[in-house]
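Notebook open, model loaded. I want to look up some side chains and write down what turns up.

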Amino acid sequence: MRRLLFCLLVLLASPVLAADTLTLLRPARVFDGVDPKPHEGWAVLVRGDKIEAVGPALTAPAGATVIDLPGTTLLPGFIEGHSHLFLHPYNEASWDDQVLRESVALRTARATVAARDTLMAGFTTVRDLGTEGAGYADVGLKQAIEQGIIPGPRMLVATRALVAPGSYGPKGFEPGVEVPQGAEEADGVYLVPAVRRQIGHGADVVKLYGDYRWGAGEDSRPTFALEELRAAVEAAHDAGRSVAIHASTAEGMRRAALAGADTVEHGTGGTAEVFELMRARGVAFCPTLAASDATSRYRGWNGSDPVPAAVLAARRSFRVARTAGVTMCVGGDSGVFAHGANAREMELMVAAGMPAPEVLIAATSGNARIFKLENRLGTIKPGLLADLVAVTGNPTQRIEAVRAVELVMKGGAVVRGAVSQFGP
Ligand SMILES: [Zn+2]
């Protein structure tokens, strides 16, 4: 056998794989997404788009391609729990300007690059929580990825998202002027039909804004009544869709939990009582620590003291939620900051006191369970999709290692990697 060393940069997302294509990945260790301890010396055998075997002393079957990944940890592909592929960092253009001045064509073109950057960072699945004014373009983006036209992660999409009339933005214009909004306005008896319409147009998850600032400079206050949220959640669940509710106030979070939301986003004003309610009702929490961190830095914060109030509030609620035992979703609100820098949320979760192995479990099998994907992906075990990422170093000891991506595999296809392998 001749040993070949070559660099492989595959630009297509999902080349069609023969069902019996065999690949043996040999990293230094395997983090399977469930066990907090990585397994030294384990290897993973991939057949077609699925994991065939994982364990010690795996040998390459005849015809298998062997990929040596010395010094790396192989993990399940990361799952981004809260992205906006149709937004780009607010220090490049304000949210208002993106919604008001950028065409859907421009935003979609940019989103294709955001999708590629996300995948190349090792995030093989994203839950994208709203196009923020770009209509149903996320459904088309998802189709382009699924059809192999562009590289990108598997997507769960929320389409337009739903807000109470008058509560969202952009706002501050002459009332007679029709201003494009960042989400669909609907309430009362019109809310459930809007939920169903979004599902009919392709929403995998229904996103509602349970509270928001009614006026510039104000604190957030509840938007939808509990009964409105209940009806919306019931309609979504009837259709087999999950529900994400943006809520940063304790009352908004309480209503979200009572209404049966699957996840609560942000939650900076969460109290011990409301997190206990979420735990009891099985509502997961997506703290989006990276969002307040990024927006504070855009306003001039350099990471040192004094820490801005928004960052302190996010860290505080994160601690309270952990004490209450709430299931933690990993989702940074990427789009507020650069796509491809998704690992920022994991780093901030560790910095805020969550052990690195727990964060890695949350970002893989944990998010998979919350998003009801655990039977397809999120764990390295036979039968699941071969969505894998190899990083240099051991991220269970040093979380920053998740940024040192060496190889990304999606559905058995290497989409990023410097590959050392045995040739024919
Ligand atoms: Zn968001």
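I start with the cut-off I need for burial: a residue is buried when its relative accessible area is under 20%. I also remind myself that this is a predicted model.

**Entry: a serine.** I looked up Ser 365, which sits in helix H11 (residues 356–370). Buried or exposed? Its relative accessibility is 4%, so Ser 365 counts as buried. I then asked what Ser 365 is in contact with once its neighbours within four places in sequence are set aside. I got Gly 33, Val 34, Gly 378 and Thr 379.

**Entry: salt bridges.** Opposite charges on side chains can pair if the charged atoms come close. How many salt bridges does a search of the whole structure find? I noted 22.

I picked out the one between Arg 29 and Glu 40, where the closest N and O atoms are 2.8 Å apart. I checked burial for both partners. Arg 29 is buried at 14% relative accessible area, while Glu 40 is exposed at 52%.

Next I went to Glu 265 and Arg 127, whose side chains form a salt bridge at 2.9 Å, N to O. Here the link runs between distant parts of the chain: Glu 265 is in strand E16 (residues 263–266) and Arg 127 in strand E8 (residues 123–128), 138 residues apart. I find both Glu 265 and Arg 127 buried.

Glu 227 and Arg 230 make a salt bridge, with their closest N and O atoms 2.9 Å apart. Both are in helix H5 (residues 226–238), and because they are 3 residues apart there, about one helical turn separates them. Arg 230 comes out as partly exposed, with 34% relative accessibility.

**Entry: cysteines.** How many disulfides are there? I wrote down 0, where a disulfide would need a pair of cysteine sulfur atoms within 2.5 Å. Cys 286 is buried, with a relative accessible area of 0%. Cys 329 is buried too, at 0% relative accessibility.

Note on methods:
Residues numbered from 1 in each chain as written. Predicted model: local features only at pLDDT ≥ 70, side-chain atom pairs only at ≥ 80, totals over all residues. Heavy atoms only, no water. Salt bridge = Lys/Arg side-chain N within 4 Å of Asp/Glu carboxyl O. Buried < 20%, exposed > 50% of the residue type's maximum accessible area, 1.4 Å probe, protein only. Helix = DSSP H or I, 4+ residues; strand = E, 2+ residues; numbered from the N terminus. Contact = heavy atoms within 4.5 Å.
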